[in-house]
Amino acid sequence: MDYWSPRIETMPVQDLKDLQYKLLKTLTYKLYSFSDFYHARMKEAKVHPDDIRSLDDVVKLPFMKKSDLRDNYPDKLFVTAREDVVRFHASSGTTGKPTVVGYTQHDLDAWSTSLARALTSCGLGRGDTIQVSYGYGLFTGGLGLHYGAERIGAAVLPASVGNTERQIDLMVDMNVTAIACTPSYLLHMGEVAEKMGINFGKDTKLRRAILGAEPWTERMRTRIEENLGIKAYDIFGTSELSGPLFTECAEQKGIHVWGDLALTEILDPDTHETVAPGEKGELVVTMLQKEALPMIRYRVGDVTTLHEDVCSCGRTSPRIGRIQGRVDDMLIIRGINVFPSQIEHTLMSIPEVGQHFMIEVDRKGELDDLLVRVELKREYFSDKIDDLMKIKRKVAHALRSSLNVAVEVELANPDSLPRFEGKAKRVIDRRQM
Ligand code: ADP
Ligand code: ZN
């Protein structure tokens, strides 16, 4: 088994917790002393760094939210001198005005180290050619993966997004062995390749994909792995935490969140209490070593689970389960909570349904109306209205029984729904417009 930082990755659990405690204690003293923002926040919460006497005392510390970054736009929360900042990025702005983040050289090193461990754990290393098809630029995905992949000695093909046919040609010509991009972009590439007469399994050397930046389900993984003949690993991060940082290991049993870099909590989004082990809740992360833009108890807003048992790969850092979506992605349809990921999960269990779908919510009179538009797989597309009606009823029935809410289904021609190069935007909620 290959590890990038064996001592840290396989550190006995108690030693790792001791290390986390020391880092947390140092961090709180530093921010209490040197950051007006954190000083005021801690005063308000009536907590002093002296009150942090164990790792569990983290719950005494105040939260940070995206709105804190927005309110302090662009750089009022930076703690280091401006001259020590060597890079800026900005969030993609999925949920509002983008936020700006900054890095010292040490922050960039820690970010690349995190990804070096992660990519190594997915079986990548020297001799691999990694196509980075995340956007390069202000978005953290492209440059983040780029430096992580270089760190492990792999060769990087910095393809960025777009110009898909050229990307596929390069993948073939350069013997690319792994790709990093959003799951929706890889699906799109798969379709374009098919039209070009290129078979991923036969005509390329692609064996692994590092997919993230948007929610995707276990069933979508199965489809991607089977259709393309590759292994697909989940990668997670947000710009506030640095960017893409953590992935699953080859065991595919959750995303390892390196304990020396991050302290993970899962809380009930309403009561802010820690949920029982393995239960779903909101991800809250404290970055233990960040310099330019520290984060204490950052409410990431994503819904997931925490698993603290030691992974069969031997790594001792805790893992988070698949991200279900953001707390605020949850749609309330006639009083019933529905996550878009539940819809994907159900659709992907129906063989006739292709990989692309759209969710539209509207209000008709007093009632919420949920419309799911699904693309059929080409081989199931029929000109017999009876066949189509049968599939439509099957899809509506499956959705209704898994979501407990009536769903209107519309079948769409293959290739007719939108394709996405960056983060997919599959939900249109007209109730808020
Ligand atoms: P934003 O989209 O908020 O403007 P980022 O570009 O930093 O900012 O994106 C981070 C967000 O992307 C995460 O909070 C999460 O909602 C989503 N995300 C990233 N990776 C994954 C993943 N592997 N699975 C599900 N969602 C993800
Ligand atoms: Zn593992």
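Helix α5, residues 105–121, gives the largest share of the lining of the largest cavity, three residues. Helices here are DSSP runs of H or I with at least four residues, strands are runs of E with at least two, and both are numbered from the N terminus. This is a predicted model, in which local features need pLDDT of at least 70 and side-chain atom pairs count only at pLDDT 80 or more, while totals for chains, interfaces and linings use all residues. Residues are numbered from 1 along each chain as its sequence is written, chains are lettered from A and ligands numbered from 1 in the order in which they are written, and side-chain values use heavy atoms, with hydrogens and water left out.

Back to that cavity. Its lining is Asp107, Ala110, Trp111, Ser242, Leu245, Leu261, Met287, Gln289 and Lys290. A cavity is a set of points, on a 1 Å grid over the protein atoms alone, where a 1.4 Å probe fits but cannot get out, and lining residues have an atom within 4 Å of a point. By class there are five nonpolar, two polar and two charged residues; nonpolar means Ala, Val, Leu, Ile, Met, Phe, Trp, Tyr, Cys and Pro, charged means Asp, Glu, Lys and Arg, and the others, Gly among them, are polar. The space in the largest cavity is about 70 Å³, where a volume is the space filled by probe spheres set on grid points joined across faces, edges and corners.

How many cavities of 30 Å³ or more does a search of the whole structure find? Four.

Most residues other than glycine have a negative phi, and most peptide bonds are trans. Ser242 has a positive phi near 135 degrees and is in the loop between β7 and β8 (243–247). Ser242 counts as buried because its relative accessibility is 4%; buried is under 20% relative accessible area, exposed over 50%, and partly exposed in between, with a 1.4 Å probe and protein chains only.

Next, helix α7, residues 164–173. Thr164, Gln167, Ile168 and Met171 are buried. They are on the same side of α7 because they cover an arc of only 95 degrees around the axis, taken from the directions from the helix axis to the C-beta atoms. Arg166 and Asp173 are exposed on the other side. The cover over the buried residues includes β3 (129–132), β5 (178–181), α8 (183–195) and α9 (200–203).

Asn175 is in the loop between α7 and β5, and its phi is positive, near 50 degrees. Asn175 counts as partly exposed, because its relative accessibility is 41%.

Now the cores. The largest nonpolar core has 64 residues, and Leu24, Met42, Leu61, Ile130, Ile210 and Ile320 have the most contacts inside it. A core is a set of buried Ala, Val, Leu, Ile, Met, Phe, Trp, Tyr and Cys residues joined through side-chain atoms within 4.5 Å. A second, separate core of 46 residues includes Ala209, Met220, Ile224 and Val338.

Last, a cis peptide bond joins Tyr73 and Pro74, with omega about -10 degrees. Pro74 lies in the loop between α4 (66–71) and β1 (87–90).

Key:
On a 1 Å grid over the protein atoms alone, a cavity is a set of points where a 1.4 Å probe fits but cannot get out, and a pocket is an open set with protein on both sides within 12 Å along at least five of seven lines; lining residues have an atom within 4 Å of a point. Contact means heavy atoms within 4.5 Å.
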